[in-house]
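Colleague: Before we discuss the contacts, could you put the model up so that we can go through it together?

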Amino acid sequence: MSDKQLSQKEIQALEQYLPMWKIVFGQFLQHKMAVVGLITILIFVAIALLAPVISAVTGLDPNRQNPLARYLKPGTVAPLGSSQKEEAVLNFENREPQAAQALRADLMSKQLVQSVREEDALYDLAFLEKNQALEVLKKLKTPEAKKFEKVFDSFETYHLLGTDDTGRDVFIRLVYGTRVSLGIGVVVAIMATLIGLIVGALAGFYGGFIDSALMRITDSLLSLPTIPLLILMAAIKGKDFLEKIGIDEQEYTSSAVLSFLLENEAIIKLVFILLIFSWMTTARLVRGSILSLKEREFILAAKTLGAKDSTIIVRHLFPNVISVILVSVTLKVGDSILFEAAMSFLGLGVQPPTPSWGNMLFNAQDLIQEAPFLAILPGLLILAVTLSFNYLGDGLQDAIDPKAIRR
Amino acid sequence: MSQNILEVKNLSKFFPIKKGLFLRHVADVRAVDYVSFHVRQGETLGLVGESGCGKSTLGRTLIRLYEPTSGSIRFKGEDFLKVRGESLRKMRKDMQMIFQDPYASLDPRMTVGQILTQPFEIHNIMTPSERLERVKQLLETVGLKASHVNRYPHEFSGGQRQRISIARAIALNPSLVIADEPVSALDVSIQAQILNLMKDLQEKLKLTYVFISHDLSVIEHLCDRIAVMYLGKIVEIATRDELFSNPKHPYTQALISAIPRVGEGKKKMKKSLSGEVPSPINPPSGCHFHPRCAHKKDICSQKAPALESVTGNSEHRSACWLTTQGGL
Ligand SMILES: Nc1ncnc2c1ncn2[C@@H]1O[C@H](COP(=O)(O)OP(=O)(O)OP(=O)(O)O)[C@@H](O)[C@H]1O
Ligand SMILES: [Mg+2]
């Protein structure tokens, strides 16, 4: 045989053990779009996790409205409204009381502002035209003046992606929207997959009555009309519901859990509804694959070798089902994000002021002609993320298919 | 005459068909329908029949992958069906199976080494390094290389995979191996190699085979005795030479005449089978074969013939009213 001529080295190379995950990973890297998808997803996950940091660094607040700066185009600079200016000055005074004191005294003594009372000095300065005010501060040349110059910088906001109908910064709302949309997507996908896994595994593994009962429930849920049910659910108010079952206002405001639930009522309801409608496909998938695995000859072979049920489940069923699950969970994240967007677009999902990509789209409807980017931006993000998850799912599917594996 | 390693009496396996939410029992698939036979130590018993006649079900019931509906199995003199739990697990070491589909019989996520170590892990035999040595030795025994130990099943051809299956089956030194169509999924050229390997192993390891196949020409090469199955029943059983030279049952005759021989076109088949195999859910009354039989009489559709010795040969049994009433 020609193999007899293999050098010692080549045989050693053959003998080298490659764990399954390394093979799968190598396969995955070959799937370019899946890799791009994974990177995109990781970037969005990072954005979602770092949202408060981004907010602190840029000084942007997703809920700060500015009536003077509605529907701004991307890349414009907008002045703050007067109340916000006052707030900024107040912040400065609280932060650096001594500097503020010194600055006030200087301003009054040199009569650089027309204030009647000393307390108003900084506020009057703040309401001057920016260049004028900066000149005033330059004249002072004190370190305190330098510090106050920074406050002026924050009087203007740079809106990278423009502003929406109430003058909120679109960029930071998209950042926080990533949190909500991606969060809902991931939570729903994971929980739906867990439910589906349990139901499907019970049905598939035990068969018989358990199987047919569980599958009837699955089928009937699959045939429920989604949208009407959602509207119905959206109409049920958490407070009313609690009062119906005999929990009064005092009780639910004092209970941490209940008040948390009520505060996030819309999101929780949405997650709940999405869950109800998305575990069935996984359950069917898991049941199907367990049913077919159970009859696969390698499982029978393990049985004839005398393997215990636990060995068969851990060594054979689990690794083979997990691969099915992994793909379905990634696809489900994309689906759930789309579903959330659709619900929120209909006004049934995440309620303002909490931003989600879906309700940002919903808000953009009114002035779609004047400010199309308000709709385009969240739309693009939804597209990018769902596409990425789909490519990731595709790539995983190919990577974990052992028949496709080549060395 | 050597001892019987396996004695099967009135064994049957019905698959219940259940309908509706409450799984009402509506009918049975009579996959194995009261069969009796024995297997002698060291021989190869062939089990032949058309697709769907219950060969696999019989094989799997013998090894208790399926619990039989009725009947008894004695393995090495012990009542195999009484064995449960831990002692069943122990006893399984002595009885192994080779499966038909070389692609489905190996877990795609395990290396050959992991697959072949599993038997020892399950029974907690030897240390890990001893196991590895034994696995390499097994690979060489079945004609593969020790360096294959870290490969995955998909890196092998169908024939090589079947060799791995065989290695797994002989790992625990069983005395009985049930081979369920081990070569039907393979190319003809490879079939001969695998059959030769099985023959060699039988000699070396003193194995007893129950060899299942739908192909009489494959069976002819390997088997000492042959049982012919039709619709869940054994219709004829005899030594190989007797069966081929003196087939009694019309179904056996039809099967034998259907084997293509060198120099003989397929057209020359003397007796060919007409019609379809009836459903095992609702088998024909009397002799299951009567609707397709060229020699049927009135009694054939009324009463089922028993598997009885053919006159002058206690080794040759046939279940046909024609043979029990004095032959064709
Ligand atoms: N698990 C099962 N549940 C219900 N019916 C079954 C089951 N397994 C087999 N059967 C039925 O039992 C009958 C015998 O099947 P079996 O697989 O034993 O036939 P076979 O002779 O091995 O056929 P083949 O040559 O196709 O492998 C068939 O009618 C089949 O449909
Ligand atoms: Mg079969």
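Colleague: How far is an oxygen atom of ligand 1 from an N or O atom in the side chain of E181(B)?

Modeller: This is a predicted model, in which local features need pLDDT of at least 70 and side-chain atom pairs count only at pLDDT 80 or more, while totals for chains, interfaces and linings use all residues. Residues are numbered from 1 along each chain as its sequence is written, chains are lettered from A and ligands numbered from 1 in the order in which they are written, and side-chain values use heavy atoms, with hydrogens and water left out. An oxygen atom of ligand 1 also lies 3.1 Å from a polar backbone atom of G54(B) and an oxygen atom of ligand 1 lies 3.0 Å from one of K55(B), a polar contact being a pair of N or O atoms within 3.5 Å, where within protein one must be able to donate a hydrogen and the other to accept it, and residues adjacent in sequence count only if both atoms are side-chain atoms. For the side chain of E181(B), the distance is 3.3 Å.

Colleague: Which element gives the most to the shell around ligand 1?

Modeller: The shell has 5 nonpolar, 5 polar and 3 charged residues, where Ala, Val, Leu, Ile, Met, Phe, Trp, Tyr, Cys and Pro count as nonpolar, Asp, Glu, Lys and Arg as charged, and the others, Gly among them, as polar. In chain B, β2 (24-40) and α1 (55-62) each supply at least two residues of this shell, helices (H or I, at least four residues) and strands (E, at least two) being DSSP runs numbered from the N terminus. With 3 residues, the element that gives the most is α1(B).

Colleague: How much area do chain A and chain B bury between them?

Modeller: In terms of contact (heavy atoms within 4.5 Å), 38 residues of chain A meet 40 residues of chain B. E297(A), T304(A) and L305(A) supply 22% of the area that chain A buries against chain B, more than any other three residues. Buried area is the accessible area (1.4 Å probe) that two parts lose on being put together, summed over both; 57% of it here is on carbon and sulfur atoms, and the total is about 3,600 Å².

Colleague: Which residue of chain A forms a salt bridge with R60(B)?

Modeller: Side chains of opposite charge can pair when their charged atoms come close. The rule, a side-chain nitrogen of Lys or Arg within 4 Å of a carboxyl oxygen of Asp or Glu, finds 2 salt bridges across the interface of chain A and chain B. In the one formed by R60(B), the closest N and O atoms are 3.7 Å apart, and the partner is E297(A).
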